[in-house]
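I opened this entry to keep a record of what I looked up. The notes follow the order in which I went through the model.

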Amino acid sequence: MTTSTRAATTPAVLVLEDGRTFGGRAYGAVGETFGEAVFSTGMTGYQETLTDPSYHRQVVVMTAPHVGNTGVNDEDSESSRIWVAGYVVRDPARVPSNWRSQRSLDDELTAQGVVGISGIDTRALTRHLRERGAMRVGIFSGNALADEGTLIARVRQAPEMTGADLSSEVATEQAYVVPAIGEKRFTVAALDLGIKGMTPRRMAERGIEVHVLPATATVEDVYAIAPDGVFLSNGPGDPATADLTVIQAVLERGTPLFGICFGNQLLGRALGFGTYKLKYGHRGINQPVQDRTTGKVEVTAHNHGFAVDAPLDRVSDTPYGRAEVSHVCLNDQVVEGLRLLDRPAFSVQYHPEAAAGPHDAAYLFDRFTQLMEAQRA
């Protein structure tokens, strides 16, 4: 009997901080884990989700009932490891079936020590999180099982996501360069706050040499490479904990700036807007967003639990000139993008690199190159 087969017959329980529990079977590693319970609505792209550093310290509940049938390969990971704190599925595939598959998802979770649970009613759990909001959770299996009161108490002792400073825990420690594909047109300094591998690749495809810098990079580090533009990546944690010094310096100098996800929240805070925690966030590759500058609607990839608090109905005055909300979520009117009108800076709350996800937002990288071209002219 293989390790994954043994795990599939091992009892497991998921325990929420409000006391609700779900019994199931171990999936992946056997043991215990803690994090913030969130749900992802994507039907595909689970390998990219698992390896997205933005999911650090989160237990991801998959709303799609059947997960794992395309297995895992060595090409589609967005970082060097799985970052989710735990994984929750209803009906895991028994045998992967895809020509690119090299091993099963269950085996990959086990190999990387990711504790998960299967066989639970993920629809009921998702509805619970929509009604009560994202909350702390624990998954326990094997020797970690104990009486319900003890497990609930342990979940309530776990750290909350509000106030968590996590970017430095997932970012690169050493700067590295992703060379331009074809003729080099621009140099960009990308602050790694939890960057995905596909993001610098999308820029490289447009002739950009990308210098990926640690989250702790200073203003001097950024300008040492003489960048034509600065990029702020996605990442985990509470944006209220971040140091805005570099962003403010970039805005002061008028260097073209593009931010996504966590980077959008940091730009918002640098402009003087607040941020707040969403009740249950947006996660998945099927979120509708309207680009208010063109009126077009995009289907986009999301992973965020915080949002920018900026007015939708007017242009705002900021220390760096006028700013407006450029994109908005059509499900709940959450701010999905910002644009400065007097300086070359913009951001979006979602992931335009399409890994996994639709390609509707690829034009944003072109918009960034246009800003850099205009700055040179």
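**Entry 1: a serine in a strand**

I began with S347, which is found in strand β20 (residues 345-348). Strands here are DSSP runs of E with at least two residues, and helices are DSSP runs of H or I with at least four, numbered from the N terminus. The model is a predicted one, where local features need pLDDT of at least 70 and side-chain atom pairs count only at pLDDT 80 or more, while totals for chains, interfaces and linings use all residues. Residues are numbered from 1 along each chain as its sequence is written, and side-chain values use heavy atoms, with hydrogens and water left out.

Is S347 buried or exposed? S347 counts as buried because its relative accessibility is 0% (buried is under 20% relative accessible area, exposed over 50%, partly exposed in between, with a 1.4 Å probe and protein chains only).

I then looked up the partners of S347. Its side chain makes a polar contact with the side chain of N264, at 2.6 Å (a polar contact is a pair of N or O atoms within 3.5 Å, one able to donate a hydrogen and the other to accept it; residues adjacent in sequence count only if both atoms are side-chain atoms). Neighbours within four places in sequence aside, S347 is in contact with F258, G259, N264, L267, S326, E336, G337 and L338 (contact means heavy atoms within 4.5 Å).

**Entry 2: helix α10**

I went on to α10 (residues 262-270), where eight of the nine residues are buried. N264 and L267 are among them. G272 follows α10 and has a positive phi, near 105 degrees.

**Entry 3: helix α4**

Which residues of α4 (residues 122-132) are buried? I noted T122, L125, T126, H128 and L129. They lie on the same side of α4 because they cover an arc of only 160 degrees around the axis (the arc is taken from the directions from the helix axis to the C-beta atoms). R123 and E131 are exposed, on the face turned away from the buried side of α4. At the N-terminal end, D121 caps α4, with a side-chain oxygen 3.2 Å from the backbone nitrogen of R123. After α4 comes G133, with a positive phi near 95 degrees.

**Entry 4: the two domains**

Last, I checked the division into domain 1 (2-157) and domain 2 (167-376), whose bounds come from an automatic or database domain assignment. The C-alpha centres of domain 1 and domain 2 lie 29 Å apart. I found 23 residues of domain 1 in contact with 23 residues of domain 2.
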